[in-house]
Amino acid sequence: MNRFAITGTDTDVGKTVFAAGLAQALKAHYWKPVQAGLEGETDSQKVARLAPDATVVEEMYRLNTPCSPHAAADIDGTMICDTDLHLPTAEGPLVVEGAGGFFVPLHTDILYSEIMQRWDLPVIIVARTTLGTINHTLLTLEAVHAADLEVAATVFVGDAEPVAEKAIMDFGFADPHLGRLPFLDPLNAETLAAAFAEHINLSVLDD
């Protein structure tokens with residue numbers, strides 16, 4: 001199993017950093033089909049910087065405004081066509097990163113969840129460890145299960161919160177637990193690779 005869709009429980013949970021670490025570890029192709037927000041470093045550019053052994057596939061849509069993709073597309077005077085969002089044809093490991101959470105809208109009548117159903121890839125859920133994570137993560141797990149998608153693993157980003165992590169694993173049928181990636185300062189390719197090797201147990205993805 002080496003092709004995964006990555007979703008988060010919310011925006012800014014550390015999904016891109018985790019995706020970069022995974023893409024580097026697997027020497028995978030990385031693809032973020034829709035980038036909303038072009039000022040500063042984009043997610044694809046961040047992955048290229050943090051995962052030098054990964055191959056970054058060009059985004060299908062690059063939108064100027066950092067907001068929900070459907071709104072960013074409207075501001076740009078375009079519309080995201082869901083039929084464009086087919087998986088890259090590249091062989092080998094693949095890491096596909098969604099935008100924000102599982103139910104982020106791409107335009108007025110389609111959600112990211114529906115695109116992920118079409119892809120039918122095992123889903124890795126990235127959750128924060130701060131207050132509110134139990135509710136947000138359990139809701140995301142329920143939504144992914146309801147979409148008849150496989151939860152490949154749940155991974156956490158942030159400071160250790162073992163009580164919250166255990167509650168999520170117990171109540172959410174969230175196994176396997178992939179590990180917890182701590183905040184990194186500085187964050188670069190070397191520190192991410194070292195933290196990933198120490199804290200993330202990729203062997204559970206083969207079970």
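A pocket here is an open set of grid points with protein on both sides within 12 Å along at least five of seven lines, and its lining residues have an atom within 4 Å of a point. The model on screen is predicted.

**Stop 1: the largest pocket.** Select Thr-11, Asp-12, Thr-16, Lys-32 and Asp-43. Of the 32 lining residues, these lie nearest the pocket's centre. The volume is about 680 Å³. Now colour helix H1 (15–26), strand E3 (34–36), helix H2 (43–50) and strand E6 (94–101); each gives two or more residues to this lining. By class, the lining has twelve nonpolar, ten polar and ten charged residues.

**Stop 2: the second largest pocket.** Its volume is about 150 Å³. Select Gly-8, Thr-9, Gly-101, Phe-102, Phe-103, Val-104, His-136, Leu-139, Thr-140 and Ala-143 to show the lining. Five of these residues are nonpolar, five are polar and none is charged. Helix H5 gives the most, with four residues.

**Stop 3: helix H5.** Select residues 133–146. At 1.5 Å a residue, these 14 residues should span 20 Å, and the end C-alpha atoms are 20 Å apart, so the two agree.

Show the side chains of Thr-133, Thr-137, Thr-140, Leu-141, Ala-143 and Val-144, the buried residues of H5. Look down the axis: they fall within an arc of 165 degrees, so they line one face of the helix. Their cover includes strands E1 (3–8), E9 (123–128) and E10 (151–157), along with helix H6 (162–171).

Turn to the face pointing away from the buried side. Leu-139, Glu-142 and Ala-146 are exposed there.

**Last stop: Asp-148.** This residue follows H5 and has a positive phi, near 60 degrees.

Methods. Residues are numbered from 1 along each chain as its sequence is written. This is a predicted model: local features need pLDDT of at least 70, side-chain atom pairs count only at pLDDT 80 or more; totals for chains, interfaces and linings use all residues. Side-chain values use heavy atoms; hydrogens and water are left out. The expected span of a helix is 1.5 Å times one less than its number of residues. Buried means under 20% relative accessible area, exposed over 50%, partly exposed in between (1.4 Å probe, protein chains only). The arc is that of the directions from the helix axis to the C-beta atoms. Contact means heavy atoms within 4.5 Å. On a 1 Å grid over the protein atoms alone, a cavity is a set of points where a 1.4 Å probe fits but cannot get out, and a pocket is an open set with protein on both sides within 12 Å along at least five of seven lines; lining residues have an atom within 4 Å of a point. Grid points are joined across faces, edges and corners, and a volume is the space filled by probe spheres set on the points. Ala, Val, Leu, Ile, Met, Phe, Trp, Tyr, Cys and Pro count as nonpolar, Asp, Glu, Lys and Arg as charged, and the others, Gly among them, as polar.
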